[in-house]
Every structure is written in C-alpha cells, then in structure tokens.
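Hello,

Here is the structure I promised to pass on to you. Have a look at it first, and then read my notes below.

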Amino acid sequence: MEAVAVKNNTGSANTTSTKRRIKKVAVVGSGVMGSRIACHFANIGLEVLLLDIVPKEAADSKKASERNKLVNDALKFALKSNPSPIYDKKFAKKISTGNLDDDLSKIKDADWVIEVVIERLDIKQQVFANIEKHRKPGSLITSNTSGIPINMMLEGRTEDFQKHFCGTHFFNPPRYLKLLEIIPTPKTDPEVVSFLMDYGKRFLGKTTVLAKDTPAFIANRVGVFAIQDLFHTVLEMGLTVDEVDKLTGPIIGRAKSATFRTCDVVGLDTLALVAKGVKDNCPNDERKNLFETPDYLSKMIEKGWLGSKTGQGFYKKTKNEEGKKEILVLDLNTVEYVSKKKVKFATLDMIKPIDDLNKRLKMAFMGMDKAGDFYKKTFSSLFQYVSNRIPEISDELYKIDDAMKAGFGYQSGPFETWNAIGVKAALKVMEDQGFKPAQWVYDMVDAGNDVFYKVEDGLSKYYDIPSKSYRVIPGTETVLSLTNLREANTVWKNSGTTLVDLGDGILNLEFHTKMNTIGGEVIEGINKALDIAEKSYDGLVISNDGENFSAGANVGMILMMAIEQDWDELNYAIKRFQDTMMRVRYSSVPVVVAPHGLTLGGGCELTMHSDAVVAHAETYIGLVEFGVGVIPGGGGSKEFALRLSDELHEGDIRSNHFRNKFLTVGQAKVATSAYEGFELGYLRKGVDTVVVSRDHQLATAKKKALELSDKGYTQQPQRTDIKVLGKEALGLVYVGAHSMLSGNYISKHDELISQKLGFVIAGGDLSAITEVSEQYLLDLERKTFLELCQTEKTLKRMESLVKTGKILRN
C-alpha cells in the first residue's frame, strides 16, 4: 500500500514519516453491520478479527464454541445471506472470531480497530476503555455509529487514542453501497483523515465523503428528509404508495426499490428512530416538523408492520382466492391493504423513451399533469433543503451529491439534478412552490454563475461558495474520466458508441445503447475503433461509465429476423459478431476490456476475447443464452472448448473438466463477483485482474494496455491446435441430459439445447480426440445457433422474454 504523507503541527508534509500499512483489522461487534464490514475487509485480502460478547448462557463455560456462539452464528448468517457480503466463499477463511472476554487482547496486532456495537454512548465508551488497554499505539480506532456525536466518545481517552480516532460510517450492505462517511473530531490527526479518505476510495472501493460531526451526518440527514417529505406529500397530493414508487424509481435515476419499497427493506422502526433523532437534535432545522412521524406510520409501527423483517409494511406478499401469489399495497388513508393498480401518468409516458437522465429530469420537472406537479413540489423542497444545509453539514455542495449517490443510490445528486433542470429555471418554480432557497444561490446567479458544476480543460469543477468561484473537485484531477475527456477527446462516434483518446497512445471505446446491448452499431464501433487503433495508436480499451457494461446481444433484433425467417441475414449477423470477436482477439494492438456490473451474453463473449481483462469486483459475468433457448453464438461456446483444451493435462480426468465447462454454460451460471468469474472460467487466472475501485478502473485498464504494448505486443495467428473430445464427451452429455429429462428437471427442448451445446464444446461427433481450429468451432457454433433459432420452442421463449421485458427490444 502506498504512503499517505503525515502532516506535522504546522500542516506541512513530513516526508520522514513511516508509511501506514493495513494488514490486519479488528471489528468489535458482529451484528448485521459488523459481520458484513468484516466480510468486506476480507474481500480485499486483509486478515480480520471479529469479536462480540459471550452469550449469557455460556458465561461459565470453558468451551470456545459455546463462548463464541454469538459471533460465529452472526458470521454464518451473514455468509448465507443474499446478496452475499463476500466476493468468494473462500475469502471467509481470512476472518477469525473470538469474544470480548477471552480474545480482546488480540487486537494488539490490529492496524485498525472498528467499533460496531449497539448505539448507546455508555456501552461504546465502555468498549473503548477496554480497547485502549490492548490496542497498539498509532493504530487506527474508529466507530461505525450512525447517530451518536463522534466527539462524545472521546471522554477519558488518551491523547494517542484521540489523535487516531474518528467516525467511519459504512452503509448497509457494506459490500454494495459505496458510501463511507469519514467524520473526524477536532482532535483527530489530519494524517489519519487523509489516510482514511484515500484508503476507503482506493482499497475498499468506496466513495469517501468527509462529513461534519452533525446529527445523521450528510447522507442520512438529507436522505431521511427526502423520505419524510414524501411521507407527507403523498397525503397532501392524494397519491398512492405504488404511484409514488413509480414516480421515484429508475425513471428519475433512483433505485428500483424507489421510496416505499426501500423503507420496507430498511425497516420502518429504524427510519422513525433516525427521523426522531434529527428532530430532537436539530432544533434550528427550518423543516424539523417534517421529521414528525405521520399518523399512518405510527399505526403501522404499533401493529408491528415494520417492513420486510416482519413480512409486511407498505407492501405485503399474500395469496389470492385462486392461490396465486399477490403483492398488496397499503392504502395510507385506511391503513388497510388493497390490490395494486396500474400506474399511468402522461409525464411518465413522455419521459420514458428518453435515455439521457439529465434530459429526462428536466422534462419531468416541466410536466403539466399530476406527476409534473409532484416533481415540481418534491424537487423544489429538496433543493431548498440542501441549499440550507450549507455550511451546516458540509462546506462544499459536491459532498452532498456524492453522499446521496453513494449512500442512497441516486444516479444524480440533488445539486446535479438542479443543474440538469437549470438553476435559473428551477428558481422561479421553487419560489412559486414556496421553497425559496438559501441566499448564496441568488448571489451565485447574480454574479453570472448559473451552474453548480462544469467541465473545463478536462477537469470537473464545482461552485465554491466562500470564494464565489469554480474549483476542481478534489481527487478528480487524478482520476481518468470519460465524462471529462469525452467533449474534447472524441475521435469518432456513431449512434451506439464513442471512441475517446485517453492519451499516451491508448483509445477507449464506450457503448451507450440501452443497457449497452450489442447490436449493429456497436459491432460497427468495435471494428472502427480497431481500424483507427491499428493505424495510429498503441492499444484499445473497451469500457464505459454506464450502470452496466453490457446486457448482451440485441435479442430483439435476432427474434425479428427469426420470425421473418430471414436465415441468410441472421447467419450474416452472427458471423459478423463472431468475426468481430476474433478481430478483438487477433488485433495488431492489445485490447483490454474493463467490465463492471452486468456483463452477460455477448458482453461476456467480448470480455473473453480480449488480451486482458481489468474487471471491477462487482462484475456479474456469464453466458446466459441457454435461458433464451440458444447457445452462445458469438464465440462463447468456441472459447469454452478452447479453454478446456488448454486446461487439460496428461493424467487429468477429462470427463470432469468437460462436465464443469459444459454445466457453466448449460446452466447459464452468472458469477456474483469478478472473483467468482475466475472459478467459472469466464476470467483467466494469471492474465486477468480485478480492481475494487470503480474510479480507478479505467486508469488501470489503460496502464495494462500500455504495459502490453511496451512489452512488444505481437499479433498472433488464429489457433489450429484445439483438442476436442468428440464422442467421448458427447456420450456424457446425452446420458446426463436424458437423466435430467427423466427426472423432470428439464424440458424436452432443454434436452435438445443441452445436446446441441455439448455437440459444439465436444467439437462434434469425432471418433477420437482431435485437434481442430477456432474457425471450425465457430462454424459449428453458428450452425447450431441457427438451428435452434428455427425451432418453435426457442422462438416462443424469445418472444415471451421480450414481451415481459426480461430481455431488451431495441
């Protein structure tokens, strides 16, 4: 780990200070947060000690298993939870457990001790007093509190403890929510703050936000306000729960769970407690009345309808009279459950086709129906609130946006949303709605500054209120960003892709189709990027800053050609896809693919054909074509045959290796992390790498492309030495598929697809192990893909998936 310069008392960098390295972390408290925080530290390769109290019933026991039952059960529960808190189950071996009576002395070896016990100040102070008896001087000590003032925890602690102490507020679940709020006290050493801000970002993959020690810090203060505001607005405007969730979900760049579903997941009692904390501890908050619990919410809490953990909240799963599953929704006026109704607003119909979120937000704000009125009211209220929170909770507006995006899943933070709508345009509406913002906004506009953010000279800048000027967002100047480069460095573009010069002889191709699906425009973009790179550059990176890398090939296009029985055109389209993948593999310049999020079907095939992969840890990669009724047709089936050949060694049980490869594709297995991608064979050990920081992924991929080029990258000929197993493997496939059919585990059509897939990976019905070429396998793959597309069952399956929206129709 790289050093972070330690500052001396004058504030200057002390270059003689030693480097701080984190090798072992101790987590005190194994509840929902503690056990999952421990898992995330294990995810990045650290040794972790997880401690909790001895159960009362084991107080007199001498058996470690009984004395550690609480912590062991908590960890087991966490590891079994879905989604998993750990990248790969074997990483859990890095976590050791113990109890606070017998094992607290072990924290002497920890470089960082994190307290995650119950939210009571007296208990936390007692825990810190005991920790101080054993921690080594200079080690970091932090609290994961979400509400107790950080400075109040320091009473009675030594100077060394105080210097190395601050708040580190992770959001649940720690693996998936990116926010990490760093909350120092006046006595925290600046070196500690700098170190944690950097470490959280680079090593833990977090968006680290420096927060003030104010009630609920930044994200919960604003996020809970937004929820409480909606709790009241829904009644004032006569809206329903499902209407609000439709209006506040992905359509405006928010989480799929929107508002009320999110509340059910978090727990209504938890939300009410946080809201009460803000109301009680923020007497000068001009909107404190909004933090009062509405009557319907009080009744729900009294009834024990607390959300997902009690089986019902704003939503309730049940069975109707016909015995079919049904999700009921709460009528807030009667506090009774009713059937969901179809939600329809003209504004939603108007903005749904718009891909660009900023344009969608602007149009939503301009809507002329009830939905438009809702957006005007709620956005205006939120804009006013965040403008008034500066400088109370933050001196810089970008921190509020960062916190809301990373902690609450907003794609666009409050100030970014205001920026998209237009600062001046929103002001008039806000005044009409009775939500006049803070004076500094008017001062900014009067000075001729009409945006909160802008990009200048490839740098992202924000409006700095004290200096009344635009300043570079700290940290972004060292981050390679397509957003910053796109305007000035675009080399070529079409409707589905943009080719950007990253500098130093490396290009980047990004997709921007819906869900970044791969159709004709993307295939054209890949080939054009390779043309330009091979002529004038040293390498190509394929990455994008969308929510997902690629959801796969455009199945809607395939379905259309299949329905029209345009087999020659479909054969051409598949061959062009295959040829493009092979061109990626055998280009004269190195090609590095940097996937993240969903990387399915064709997106997976593209990844598998690169010279190197720099995958984000949260990459969900897999060949899922079997579920559509076909086999991977863009080189994926061929690639599994090739990798099987390369992995086989003399003395290996070939059938076992073949079975593993076959089942990965045949069961459409999707890796739940990049690390699992190695186990499933989508990523290559020793070739491909994983990064935890999404912000640093593009720079790492560029560095890899340069490294390959500098080593003297040489274009290779296509492979002709792939050993396939032929009938030896086919027998295994046919027997296995028939057995699954006989047991009613698969359908007759699934049996056919299994046989076809096995036929390709086995290299056909060859009588002996034979060396074949990649082209031979590609032709076999394409022929089989087309045969399956001509079956009635596959066409019906495709059509059903497109109609239900489970796969995309572009």
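How many residues does helix α28 have, and how far does α28 reach from its first C-alpha to its last? Helix α28, residues 727-742, has 16 residues and reaches 22 Å, close to the 22 Å expected at 1.5 Å a residue (the expected span is 1.5 Å times one less than the number of residues). Helices here are DSSP runs of H or I with at least four residues, numbered from the N terminus.

A word on the source: this is a predicted model, where local features need pLDDT of at least 70 and side-chain atom pairs count only at pLDDT 80 or more, while totals for chains, interfaces and linings use all residues. Residues are numbered from 1 along each chain as its sequence is written, and side-chain values use heavy atoms, with hydrogens and water left out.

Which residues of α28 are buried? They are Ala729, Leu730, Val733, Ala737 and Leu741 (buried means under 20% relative accessible area, exposed over 50%, partly exposed in between, with a 1.4 Å probe and protein chains only). These residues cover an arc of only 100 degrees around the axis, which puts them on the same side of α28 (the arc is that of the directions from the helix axis to the C-beta atoms). Val735 and Ser742, on the other side of α28, are exposed. The cover over the buried residues includes α25 (654-666) and α29 (748-761), where contact means heavy atoms within 4.5 Å. After α28 comes Asn744, with a positive phi near 60 degrees.

Enjoy exploring!

Methods:
Helix = DSSP H or I, 4+ residues; strand = E, 2+ residues; numbered from the N terminus.
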